[in-house]
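Reader: I'm new to reading protein models and would like a close look at a single part. Could you pick one spot, walk me through it, and then show me what surrounds it?

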Amino acid sequence: MQFRFGAAFGRCTWWIDARQAALLEGGLRSVARRVGVPENLVDADEVVDVLWHRLSQADSPWLLVVDGVDDPSLLDGPGHLTAGTGWVRPHSCPCGLVLVTTCDGSPDVWGAGAVLRPVLPLSEGDAARVLIDHAGPDIGSVDGAYRLARRLGGLPLALRMAGDYLAEVNEMPEAFRDADMPAGFDAFVRALDEPVGRELSPAPMIADMRLLALGLLERRGFRYATPLLELLSGFADAPVPYTLVLRTPLLRGRDGLEEIDGTAVWRSLRALAALSMVDLSQATSAESADHAVVPATVRVHPLIRDLSSTPRYFPLVVTLLAHASDASQAGKPEEPGAWAGWTLLAPHVLHLVEQEAALAQAPAEVQILGASAVEMGARYLQARGLARQAEAVFSKVVQWRTRLLGPSDPETLTAQHNLAAALHDIGELAQAEAVYRRVWLGHCEAQGADFPHGLTARHELGRVLHDLGRLTESEEHLSAVLQSRRRLQGKEHGHTLSAQHELARVLHDLGRWEEARREYEQVLRARRRDLGEDHPRTLTVLHNLACLAQDGGLLEEALEQFRNVHVARSRVLGRTHPQTLSTAYRLGCVLRDRGNAADAYALLQQVHTALASSLGDGHAHARRAASALRTLPSVSG
């Protein structure tokens, strides 16, 4: 396959955060866009092949840094890292370099194409140059820099912190410096010999550096720097979206933060960054169709985090996360426009599951807030197509709320409802039916048949019954919900339209195609008007109208519609999202039925691989894709 992209893209350096799959994939798609890959291919399944083809043909130097690969399996992507078919691959460009930073140096993980180079402490000469670069050329003698470099053991973080410390001290007027504040390389060596930890191992060395740095900030009037660093160290080891999380009304009055305000938070963050204890990033525009803003973040260096973390602020961390993850602040996790913020929030709220023991020791009101934050994180996982992970987290929330609030509390029923949705998505239909039925009847008993949450549970029960093939029961429930919604909320309300759409799906499968088409088209007009062309709910209606065309034998019409929806869902939801894969499956079947066996096989193979990986070979959708593959000549013949 030949690709033509025009002129070379020039000398470039790209840095990609690989701590999470979404960050890695989004970063590589952004690189593809920047090197001139056409937009229709950037969002397509084959973007990884096109990207590496493009990079291999480059005639200008380029460097791709893939940083923080804690889990090398994330690099497998659509293939396998060791086979050279993953997100990161060997290339044939003589002027290009891929640099991956990782803690996993196992040769069998990286394959034959990788050259493993351990990151060791710097040599004395290089270490001395780092000190001089950060501290400035007039801080002391070169011999003094060598002596301090030896004392710091060549540890990069310690060198950076020491140099930045000396730069800060020397910016102060000499009359304002305390006598014991080291202002030169040799004085810094003497200061390091005073604390208890004198070994040249990383932890004691960085601990000494941290104490000196925080002491300097305290003397310079940054009274909140130490408690703020302690607070930030209580979050997960991931970038913290501080503009969403560090709300001063919630901070003010806490131990050590009694009179803090927004100015003090910002000045403290900048001061900590100046001494290399945290890294600050600015808000950026997301690489997405709506160009949502990715919030500014602060990340504590892992070693500093380990040294600064204490239980003191754990209840405050939970409270801050609960408020930040409320839909009124972060947006609904199901809305793609909110995903830029949720990508950053999710690691922190989901980290509370790992801190279950600590959460259980917190006051009851803090535990309730923690359950709410974790529930929102699980909703984000489900919205991104990670239903199995979401199901495990929702199960925890149900346990916590049952213990704290009781089995019949509305919040507990909400948690059960969310658990049922995840069970539905992973194909556990019988369990999902039982939980939805229990939630529906629980709401009816407490609030009556028209209670909105009860109607939502009955709506979802109708959807599960539809997927179980019990169409008459499904129609009965969905018709009742639709009538209630129209009476209570009107014909144009979003919940009414959802019920109308689900009833249309049942009518479709009952063979009442013209009725189904009329219902779909009414919903589509409203969705386009209220949500826009690319909203997931609009795309769902378009997908189902394409299904109707396919089932009616209108293959040309279905082919065009499925292609459009597949491109849009790939862009909005991601190429491995279950809804995108559902469209890809249907598109593959239409290609097969039109005689395009090669393209059909390639697409259906991708669908089956992705579904088997995420949901398991036994899931109904994975089995359906496998069955379609067996109907193709390249498989059966």
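Author: Let's start with Leu55, which sits in helix α3, residues 47–56. Helices here (H or I, at least four residues) and strands (E, at least two) are DSSP runs, numbered from the N terminus. Is Leu55 buried or exposed? Leu55 is buried, because its relative accessible area is 0%. Buried stands for under 20% relative accessible area, exposed for over 50%, and partly exposed for what falls in between, using a 1.4 Å probe and protein chains only. His91 is 36 residues away from Leu55 along the chain, yet their C-alpha atoms are separated by 7.5 Å.

A quick word on where this comes from. Keep in mind that this is a predicted model, so local features need pLDDT of at least 70 and side-chain atom pairs count only at pLDDT 80 or more, while totals for chains, interfaces and linings use all residues. Residues are numbered from 1 along each chain as its sequence is written, and side-chain values use heavy atoms, with hydrogens and water left out.

Now zoom out. The protein chain has 32 helices and seven strands. Its C-alpha trace spans about 90 × 65 × 40 Å along the principal axes. Take the contacts (heavy atoms within 4.5 Å) between residues at least 6 apart in sequence: 64% of them join residues at least 24 apart.

Next up, charges. Side chains of opposite charge can pair when their charged atoms come close. This structure holds 33 salt bridges, each being a side-chain nitrogen of Lys or Arg within 4 Å of a carboxyl oxygen of Asp or Glu.

One of them joins Arg220 and Glu168, whose closest N and O atoms are 2.3 Å apart. That pair links distant parts of the chain, with Arg220 in the loop between α9 (202–219) and α10 (225–232) and Glu168 in helix α7 (residues 156–171), 52 residues apart. Arg220 is partly exposed, at a relative accessible area of 30%, whereas Glu168 is buried, at 17%.

Asp237 and Arg299 make another salt bridge, with 2.9 Å between the closest N and O atoms. Here Asp237 is in the loop between α10 and α11 (242–245), and Arg299 is in strand β7 (residues 297–300), 62 residues apart. Asp237 counts as partly exposed at 34% relative accessibility, but Arg299 is buried, with a relative accessible area of 15%.

How about a pair between two helices? Lys396 and Glu356 meet in a salt bridge at 3.0 Å, N to O. Lys396 belongs to helix α20 (residues 387–405) and Glu356 to helix α18 (residues 356–360), 40 residues apart. Both partners are partly exposed: Lys396 has a relative accessible area of 24%, and Glu356 is at 27%. Beyond pairs, there is also a network, in which salt bridges that share partners join Glu460, Arg463, Asp467, Glu502 and Arg505.
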